[in-house]
Amino acid sequence: MNDATRLDAIIAAHAGREGALLPLLHDVQAVFGCIAPAAEAAVAAALNLSRAEVHGVVSFYHDFTAQADPRPCLQLCRAEACQARGAEALVAVAEAAAGDRVRIAAVFCLGLCSVGPAARLGDAVHARLDAAALAALVDAA
Amino acid sequence: MTTIRISDDAVALACGADAVADAFAAAGCTVERVSSWGMHWLEPLVEIAGQGFGPAIPADVPAILAGRSDKAIGPIAAHPFLARQQRLTFARAGRTRPLSLADYAATGGWAGLRRARSLPPEDVIAEVIESGLRGRGGAGFPTGIKWRTVLAAPGARKFVVCNADEGDSGTFADRMIMEGDPFALLEGIAIAAHAVGAAQGYVYIRSEYPHAVAKMRAAIALAAAEIAPLAIEVRVGAGAYVCGEETALLNSIEGRRGIVRAKPPLPAVAGLFGCPTVVNNVLTLAAVPHLLAEGGVAEYARLGIDRSRGTTAIQLAGAIRHGGLFETGFGITLRELVEDIGGGTPGGRPVKAVQVGGPLGAYIPPARFDLPFDYEAFAAADALIGHGGIVVFDDSADMAALARFAMAFCAAESCGKCTPCRIGATRGVEILDRMRAKAPVPVPAGDEDATITPPKRDENGALLEELCDLMRSASLCALGGFTPYPVLSALRHWPGDFGR
């Protein structure tokens with residue numbers, strides 16, 4: 001299946017749904033790793049929205065990106081509860097272990113506030129991280 | 001064959017529960033995955049015939065099975081952390097398999113919905129009002145009154161929306177309900193839908209909670225027959241904190257930017273797709289099945305103090321020895337929670353501050369730990385209960401850095417609709433940077449605005465207070481309106497951290 005066909009299939013799966021835009025964009029982001037200008041235009045046409053409206057939504061939410069980044073992404077929680085458990089000191093550790101190979105992103109709360117520092121890699125979550133455990137996690141990403 | 005029980009809640013998974021479960025399975029045990037008891041420092045917590053072992057690692061398996069493990073904690077249900085609680089909303093925590101309809105029905109599941117559906121909507125609402133239940137999302141608005149407004153509002157279609165956008169740091173009770181007792185939340189939504197005449201419900205879950213999303217979707221599929229004719233759908237957020245604000249959340253479900261709407265009209269009158277809509281937090285809706293079951297209202301109204309009735313799900317987080325979920329009647333003091341129940345900080349360092357109510361909640365010093373957990377008492381102390389999260393900080397915390405973080409978070413997450421929040425938070429970061437700087441910050445060369453003399457170091461505090469006053473009184477929603485709570489409380493109680 002080529003990209004255009006895959007995009008059409010995603011759009012068709014959500015057509016007619018009330019408030020379809022966010023679920024549709026989630027699927028586009030998941031399949032293509034980003035929401036490219038061409039996809040924005042196709043989604044806008046399918047949902048009878050202006051291109052500006054779709055772009056406005058894409059640019060508003062942190063989960064949607066305009067460009068794909070093929071690297072694995074480790075989300076390190078930087079919110080207050082993880083700060084209280086020493087997460088800030090781990091940022092440099094994560095970045096050193098990651099180099100250019102892994103993307104280290106901040107996330108504000110994974111709901112693991114009693115067992116931080118916490119991180120998410122894909123849909124797997126990790127807690128009670130110290131420097132060694134975090135570096136190992138980044139290396140395995 | 002030995003049956004062992006281990007949670008599959010996100011905290012347990014993050015602490016390595018799967019590896020422990022696999023090790024028990026490899027040793028020939030039957031492994032049941034249950035919800036979490038909420039004693040997070042003991043996760044992964046293993047239960048064998050009521051006896052607990054934790055925190056367990058795979059290497060502990062032989063000793064646990066041989067009955068000579070040093071991780072033994074005795075009978076779980078009698079553990080002091082649990083024995084001191086009054087669990088109503090979390091009655092099933094640790095005791096049932098989250099997606100087992102049989103376990104749910106065997107523990108009183110669907111009794112509230114059956115009884116509610118045998119009553120006219122007005123009677124259901126009257127019981128919810130009588131119970132004194134108030135919104136657990138933070139605002140504390142009486143739930144029954146909100147439902148009555150939706151019932152009375154004219155509209156061909158009505159909706160129930162569950163706000164599961166639990167973005168506040170230090171809170172995880174919504175996540176625990178969704179991952180541990182998802183049918184209870186669905187039952188609460190179904191009761192609300194019956195009370196207001198809604199045919200469709202939505203659960204808006206943040207994308208940072210993939211396990212909760214999966215459990216809720218599975219639960220909806222399993223319980224479709226029980227909740228029919230009501231249809232419930234999960235919608236996943238996209239990383240915007242402000243979508244926890246109810247009108248931004250509605251815009252997000254509609255497929256728009258998560259921009260806050262001006263009120264009025266209230267969502268109860270013109271909410272989702274312009275229709276009358278109940279927007280309630282997970283904990284609010286999950287409290288409802290118990291209320292509607294026989295005798296629930298009387299039990300609920302008996303607990304708590306003054307106008308804060310029933311139980312509250314307190315979440316102990318941050319630098320605390322015994323972190324986890326503590327459900328109890330309103331009125332318990334911070335000192336009991338942090339020192340007696342929480343056991344202080346893990347390393348034994350002194351507690352410097354607690355933040356109650358998430359990123360928008362005030363920092364409270366130990367000198368004020370006699371404050372009772374009660375909506376009005378907190379409001380009178382310039383603080384808020386919010387969603388019931390308590391984040392503990394030890395004496396290494398830099399309160400000025402935390403105040404700056406609050407402003408920076410607000411600036412990053414502002415939806416941009418109102419000026420006090422969008423611009424004010426950025427100005428707040430700048431003021432705090434000047435206050436925290438060891439030397440005066442030079443004015444950038446060529447800056448046209450630099451003809452205005454930047455305030456002197458000691459004037460920054462006054463300017464910050466003025467800015468906070470503006471944000472608090474003129475912002476459209478709680479994001480800009482409440483960010484002054486952590487900032488001003490930090491400034492007031494720890495002036496030394498600001499170089500004052």
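# Chat about a two-chain model

Colleague: Where is the place of B:Thr345?
Modeller: B:Thr345 is in the loop between helix H16 (334-341) and strand E14 (351-356) of chain B. Helices (H or I, at least four residues) and strands (E, at least two) are DSSP runs, numbered from the N terminus.

Colleague: Before we go on, what should I know about the model?
Modeller: This is a predicted model, where local features need pLDDT of at least 70, side-chain atom pairs count only at pLDDT 80 or more, and totals for chains, interfaces and linings use all residues. Residues are numbered from 1 along each chain as its sequence is written, chains are lettered from A and ligands numbered from 1 in the order in which they are written, and side-chain values use heavy atoms, with hydrogens and water left out.

Colleague: Back to B:Thr345. Buried or exposed?
Modeller: Buried, with a relative accessible area of 3%. Buried means under 20% relative accessible area, exposed over 50%, and partly exposed in between (1.4 Å probe, protein chains only).

Colleague: What does B:Thr345 touch?
Modeller: Leaving out residues up to four places away in sequence, B:Thr345 touches B:Ala319, B:Ile320, B:Arg321, B:Pro350, B:Val351, B:Val392 and B:Asp394. Contact means heavy atoms within 4.5 Å.

Colleague: And helix H9 of chain B, how many of its residues are buried?
Modeller: Eight of eight, so helix H9 (residues 173-180) is mostly covered under the cut-off for buried. Among them are B:Arg175, B:Met176 and B:Glu179.

Colleague: New topic. What is the secondary structure of chain A?
Modeller: Chain A has seven helices and four strands. From the N terminus, the order is α-α-α-α-β-α-α-β-β-β-α.

Colleague: How much of chain A counts as buried?
Modeller: 44% of its 141 residues. The C-alpha atoms fill a box of roughly 50 × 30 × 20 Å along the principal axes.

Colleague: What does A:Glu18 form a salt bridge with?
Modeller: With B:Arg157; the closest N and O atoms are 2.7 Å apart. A salt bridge is a side-chain nitrogen of Lys or Arg within 4 Å of a carboxyl oxygen of Asp or Glu.
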